[in-house]
Amino acid sequence: MERQKKAFKAAFPHTIPVMTGYLFLGIAFGILLTSKGYHFVWAVAMSIFIYAGSMQFVGAELLASALNPLNAFMITLMVNARHLFYGLSMLVKFRGTGKYKPYLIFGLTDETYSLLCSCDIPDNVDKNQFMFFIAFLNHIYWVVASAAGALLGSMFTFSTEGIDFVMTALFTVIFINQWKSRKNHVPALTGLAASVMCLLLFGPENFIIPSMVLIIAALTIFRKSVEKGEE
Amino acid sequence: MTLTSSEAFITVAVMALGTLLTRMLPFILFPDSKQAPAYINYLGKVLPYPVMGLLVVYCLKNVSLVQSPYGIPEAIAILCVVLLHLWKNNTLLSIGAGTVVYMLLVQKVF
């Protein structure tokens, strides 16, 4: 119990930016889904079991059109393809996480992944419990916010336009921290260049998968110099 | 509701399974018991760096450079985040201030 408290206390501050982002995006999702005529239970269930921000917004559209499970499945794979990268880079980190592992894999959202990549876990804190609390707290924020949006959507009258920038800012800050932590900037620059190029070429709806392919190709070609640069 | 309850249930279940599959696949292909090839370990180690760039671009994907306000609020707010972070190196401050600047810009200025 004492150990859990310690892990919780160490994890919580890292999740504050995600809490802000998830609260507002979750509320927006709840409002959107109820506007399609779905009871708030559906919003909560989707946030518990799907737990993928952008996919749930797409899902709200799918739920507002005729039944087509195969189409829904293919769209899900495409929208969430970037998660493949998250699993690949967590193979080593999640090794030995035992009973926490299935949940850590299930909860691998963009934001949880980013925090797990960037947090320095204090030496005196249980690593598995720390990672669990990062994932679990983020999940709670998301579910609570979706419920709030679905139940009280119409009560939010103050303007929150632009609040979703909190996620952009979070990823930017992690990008800078990573930049400072490495001598070789080829991987970071590859990510930016490949994504911008593919966004211009393929447009906002279709650029993720080509970007992933291009990133893998570039990292493969530059493997020698990247590995050498960090020695 | 466009769909019946059972149709909606199927759709939600399919989306949940699809999402879980994208998160689980690497762990299925390379279980702890089996040593992953050096190439995969290399990718795993180096991927967080390009992914963060990809996520920043992903957040900005709907910003238009040819239509007013030409991405100016985003550019100013990101510049604030970068400069503030390089100066103070305080994660919450950089994120909080950058977001407030962005909200003021899109609500009051542009």
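Modeller: Start with Y51(A), which sits in the loop between α3 (40-49) and α4 of chain A. Helices here are DSSP runs of H or I with at least four residues, and strands are E runs of at least two, numbered from the N terminus. The model is predicted, so local features need pLDDT of at least 70 and side-chain atom pairs count only at pLDDT 80 or more, while totals for chains, interfaces and linings use all residues. Residues are numbered from 1 along each chain as its sequence is written, and chains are lettered from A and ligands numbered from 1 in the order in which they are written.

Colleague: Why is Y51(A) called buried?

Modeller: Count C-beta atoms, placed from the backbone: 20 or more others within 10 Å is buried, 12 or fewer is exposed, and in between is partly exposed. Y51(A) has 24 others within 10 Å, so it is buried.

Colleague: What is the phi of Y51(A)?

Modeller: Phi of Y51(A) is near 50°, a positive value in a residue other than glycine. Most residues other than glycine have a negative phi.

Colleague: Where is N89(B) found, and what makes it count as partly exposed?

Modeller: N89(B) is in the loop between α4 and α5 of chain B. It has 13 C-beta neighbours inside 10 Å, so it counts as partly exposed. Its phi is also positive, near 55°.

Colleague: What joins S68(B) and P69(B)?

Modeller: A cis peptide bond joins S68(B) and P69(B), with omega about 5°. P69(B) lies in the loop between α3 and α4 of chain B. Most peptide bonds are trans.

Colleague: How do you know that the span of α4(B) agrees with its 17 residues?

Modeller: The expected span is 1.5 Å times one less than the number of residues. For the 17 residues of α4(B) that gives 24 Å, and the end C-alpha atoms are 24 Å apart, so the two agree.

Colleague: Which residues of α4(B) are buried?

Modeller: They are P73(B), E74(B), A77(B), I78(B), V81(B), L84(B) and H85(B). The arc, taken from the directions from the helix axis to the C-beta atoms, is only 135° for these residues, so they are on the same side of α4(B). The face turned away from that side carries the exposed L79(B), L83(B), L86(B) and W87(B). The cover over the buried residues includes α10 (165-181) of chain A and α5 of chain B.

Colleague: What makes α6(A) largely enclosed?

Modeller: In this helix (residues 83-90), 7 of the 8 residues are buried, so the rest of the structure largely encloses it. Among the buried ones are H83(A), Y86(A), G87(A) and M90(A). Those covering the buried residues include α7, α8 and α12 (208-221) of chain A, with α1, α2 and α3 of chain B.

Colleague: Why does L108(A) count as buried?

Modeller: L108(A) has 26 C-beta neighbours inside 10 Å, so it counts as buried. Its place is the loop between α7 (101-106) and α8 (110-118) of chain A. Two residues are in contact if their C-beta atoms, placed from the backbone, lie within 7 Å. Leaving aside neighbours within four places in sequence, the contacts of L108(A) are H83(A), Y86(A), G87(A), M90(A), Y113(A) and R23(B).

Colleague: How do you know that the buried residues of α5(A) line one face?

Modeller: The buried residues of α5(A) (residues 69-79) are A72(A), T76(A) and V79(A). Seen down the axis, they fall within an arc of 75°, so they line one face of the helix. What covers them includes α4 (53-62) of chain A and α1 of chain B.

Colleague: How many residues of chain B are in contact with chain A?

Modeller: 58 residues of chain B are in contact with 73 residues of chain A. On the chain B side, the largest share, 17 residues, comes from α1(B). By class, that side has 40 nonpolar, 14 polar and 4 charged residues. Nonpolar here covers Ala, Val, Leu, Ile, Met, Phe, Trp, Tyr, Cys and Pro; charged is Asp, Glu, Lys and Arg; the others, Gly among them, are polar.
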